[in-house]
Amino acid sequence: MVQQRALAVMTVPFFIWLVIFKYVPLWGWTIAFQDYKPARGYLDQTWVGFQHFTFLFGDERFLRVLRNTLAMSSINLILGFVTAITLALLLNELRNVAFKRTVQTISYLPHFISWVVAASIIQTTLAPDGIINQLLSWTGLVDKGNEILFLGIPEYFWGIFGAGSVWKDIGWNTIVYLAAITTIDPAQYEAAEIDGASRFKRMIYITLPGIKSVVVVLLIMNIGYLLESGFEPQYLLGNGMNVDYSENIDIFVLKYGIAQSNFSLSIAAGMFKTVVSFILLFFANHIAKRAGEARLF
């Protein structure tokens, strides 16, 4: 600390920010154990113990949104990792630098589009007169006049959400993997090529093991956010017809907690999500430690 006192002093403002905006607000969790009324003072609130938590786990709506949250988070996690790693491997094998940069730029662009615009594009694409239905009609898979209302079929929503998330973030997610690939010693590829290894085998036996530690660390971090399936895509793409599959915990908190001034219920739901995420993060880190892989702490 004495030798690095300059760096230590530089961290003080960030530490103060962290305490004020991340730790001090945790006192608000006590609202989950109260029948909170905004007009009353903090000491005048009625304490109800675990009543709100009991209500949540006995409520069919909350169990449904919990299912939806876990399903969409898992889909996003699996598809996000598989597609990003696959694209990074393929881009790394491209020899035409101009074409490689063009593909990278095109894949990055959707990340900088807000979900409001992205949801509008998805809705237009999947509309009865959208390009998807037109292609299906031209190929004879759908009869004219019997177009599919994709966002009106509840069972399709998870797939639409997963495909939309991949389209929007696949390019951005490849950045860290491409950076990790650049740290691999080129001599390994040269030796493998001399030994007759194909490009596919070099990907499997050199590139993938070379970025494994990065993949494990990112996987641990993302598992900690398993209950963070998002808010904007579900809110913007959801409707009365697909609500049984599009509603997640964040929308539940907004609709049945904040909108109805039931702040205690909304805090209880948010507190549950945070505690579970915290446990999952430590669990994933412990598994990585037992397996001898890289870990966060």
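Is aspartate 59 buried or exposed, and what is its relative accessible area? Aspartate 59 is buried, with a relative accessible area of 11%; here buried means under 20% relative accessible area, exposed over 50%, and partly exposed in between, with a 1.4 Å probe and protein chains only.

1. Basis of the note. This is a predicted model, in which local features need pLDDT of at least 70 and side-chain atom pairs count only at pLDDT 80 or more, whereas totals for chains, interfaces and linings use all residues. Residues are numbered from 1 along each chain as its sequence is written, and side-chain values use heavy atoms, with hydrogens and water left out.

2. In the model, residues 66–284 are 73% helix and 0% strand, with end C-alpha atoms 20 Å apart. Helices (H or I, at least four residues) and strands (E, at least two) are DSSP runs, numbered from the N terminus. The span 70–91 is 100% helix, and its end C-alpha atoms lie 31 Å apart; for residues 7–24 the values are 94% helix and 25 Å.

3. Nonpolar core. The largest nonpolar core has 22 residues, of which Phe81, Ile85, Tyr177, Ile211 and Val215 touch the most other members. Such a core is a set of buried Ala, Val, Leu, Ile, Met, Phe, Trp, Tyr and Cys residues joined through side-chain atoms within 4.5 Å. At least two residues of this core come from each of helices H3 (60–93), H7 (157–181), H8 (186–194) and H9 (199–210), and H3 provides the largest share, eight residues. Isoleucine 211 is in contact with Tyr177, Ala180, Ile181 and Ile184, its neighbours within four places in sequence being left aside; contact means heavy atoms within 4.5 Å.

4. Surface patch. A nonpolar surface patch consists of Val12, Phe15, Ile16, Trp17, Leu18, Ile20, Phe21, Tyr23 and Leu26, which together have about 900 Å² of accessible area. Patches are made of residues with over 30% relative accessible area and no salt bridge, with like charges joined within 9 Å and nonpolar side chains (Val, Leu, Ile, Met, Phe, Trp, Tyr) within 5 Å. Accessible areas come from the Shrake-Rupley method with a 1.4 Å probe; for residues, only the protein chains shown count as cover. Tyrosine 23 lies in helix H1 (residues 5–23) and counts as exposed because its relative accessibility is 52%.

5. Salt bridges. The whole structure contains nine salt bridges, each defined as a side-chain nitrogen of Lys or Arg within 4 Å of a carboxyl oxygen of Asp or Glu. Aspartate 59 pairs with arginine 61 at 3.3 Å, N to O; arginine 61 is partly exposed at 30% relative accessibility. Lysine 273 meets glutamate 228 at 3.6 Å, N to O. This pair links helix H14, which holds lysine 273, to the loop between helix H10 (212–223) and helix H11 (232–237), 45 residues apart. Lysine 273 is buried at 8% relative accessibility, while glutamate 228 is partly exposed at 39%. Lysine 273 also forms a salt bridge with aspartate 250, the closest N and O atoms being 2.4 Å apart.

6. Serine residues. Serine 261 lies in the loop between helix H13 (249–258) and helix H14 (263–290), and its phi is near 60 degrees, a positive value in a residue other than glycine. Serine 266, in helix H14, is buried at 9% and touches Val253, Gly257 and Ile258, not counting residues up to four places away in sequence.
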